[in-house]
Amino acid sequence: SILHFRKAIPGGKLLVVAYDETTMDWCRDQPSQGLRCEKAERDFGLYCRSLDATKKAAKDSNLQANRLFQICRFAIVYYVMKAQFNVFWLDMDSVLLHDPLPLVWDAAWLGQGVDWVGACHVAPNGGARQQLNIGVMFMKWGPMTRLVGKASLYKMYYSSEGRRVTDQVLFTELMEKYNIKTKCLPLTEDGMSCNQKYWRPRWPAPAIWNLHVACTPNVGGGKTLADKKLGKKHWLQLYNAWLPGVT
């Protein structure tokens, strides 16, 4: 994902948040230009540590890792916006095929009043309401978007509601509650695996700017970290997007 980012946005700057020292060591070994590695320790890092029964978070051990990631993602987004920066978030199972920022800038800065731009899931049951995909998103800093970031974090971490729903459902509902204007990028241009029927017939159209493995069945059963990594590699190789020399 980092190599694709550098290829898609030459000279771009990327903040990588590591959960442990092993990942930090890996990050430090990468070419440092435009890359900043931070270990989840202070501030937002307090929400990225192992969960325990004293914290009102998921108690099922099988859900701990995924829930921890969801909470940590909200914490990072909130603390970046708290420092009055805009956020472009990219999950590590997503790769950029080319620079998405012109799409974001067109929607967010040219008088449309849009504060969130990103990939979206197809509306369930043929409805008009699309669910925001927070795995690939741009969020403009402002008092109300910062409030959504804070509410998302606190609800996911502390509340019973945050233990019942997925992070994307919770986030979508809060964006609607606070009347944040959003823009879903066209399903025919976002290569999210959940929406293959919309963009795959057009592949490899230059307009498709992203490949996101979000809903792809993982190779090997998908239960272990190795399976998930293999699933991502298989997905990118399938679409001839796996960069040479990457192991």
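Me: Is D115 buried, partly exposed or exposed, and what is its relative accessibility?
Reply: This is a predicted model, where local features need pLDDT of at least 70, side-chain atom pairs count only at pLDDT 80 or more, and totals for chains, interfaces and linings use all residues. Residues are numbered from 1 along each chain as its sequence is written, and side-chain values use heavy atoms, with hydrogens and water left out. Buried means under 20% relative accessible area, exposed over 50%, and partly exposed in between (1.4 Å probe, protein chains only). D115 counts as partly exposed because its relative accessibility is 22%.

Me: Which residue forms a salt bridge with D115?
Reply: A salt bridge is a side-chain nitrogen of Lys or Arg within 4 Å of a carboxyl oxygen of Asp or Glu. For D115, the closest N and O atoms of the pair are 3.9 Å apart. D115 lies in the loop between α4 and β5 (116-121), and its partner in the loop between β6 (131-139) and α5 (143-158), so the pair ties together parts that are 25 residues apart in sequence. That partner is K140.

Me: Is K140 buried or exposed?
Reply: The relative accessibility of K140 is 14%. Therefore K140 counts as buried.

Me: Which residue pairs with R73 in a salt bridge?
Reply: R73 sits in helix α3 (residues 61-82), and the partner in the loop between β3 (87-90) and β4 (94-96), 18 residues apart. Helices (H or I, at least four residues) and strands (E, at least two) are DSSP runs, numbered from the N terminus. Both partners are buried. The closest N and O atoms are 2.9 Å apart, and the partner is D91.

Me: Which residues join E21 in one salt-bridge network?
Reply: E21 forms a salt bridge with R28, with 3.1 Å between the closest N and O atoms. E21 counts as partly exposed because its relative accessibility is 36%. R28 is at 47%, so R28 counts as partly exposed too. Through shared partners, salt bridges join E21 into one network with D25, R28 and K39.

Me: How many bridges join strand β1 to strand β2, and what is the handedness of the crossover?
Reply: Two strands pair if DSSP finds at least two bridges between them. Strands β1 (residues 14-18) and β2 (residues 35-39) run parallel, joined by five bridges. Between them the chain passes through helix α2 (residues 21-28). With the strands pointing away from the viewer, a clockwise path from the first strand over the helix to the second counts as right-handed, and this β-α-β crossover is right-handed.

Me: How many aromatic pairs does the structure hold?
Reply: Rings of Phe, Tyr and Trp (its six-membered ring) pair if their centres lie within 6.5 Å; planes under 30 degrees apart count as stacked, over 60 as edge-to-face and the rest as tilted. One of the pairs is Y78 with Y79, edge-to-face at 5.3 Å centre to centre and 70° between the planes. The structure holds eleven.

Me: Which residue forms an aromatic pair with W199?
Reply: The pair is edge-to-face, with 6.2 Å centre to centre and 85° between the planes. W199 is in helix α8 (residues 196-199), and its partner is in helix α9 (residues 225-238), 36 residues apart. Both are buried. The partner is W235.

Me: Which tyrosines do ring pairs link into a cluster?
Reply: Ring pairs make the links here. The members are Y47, Y154, Y157 and Y158.
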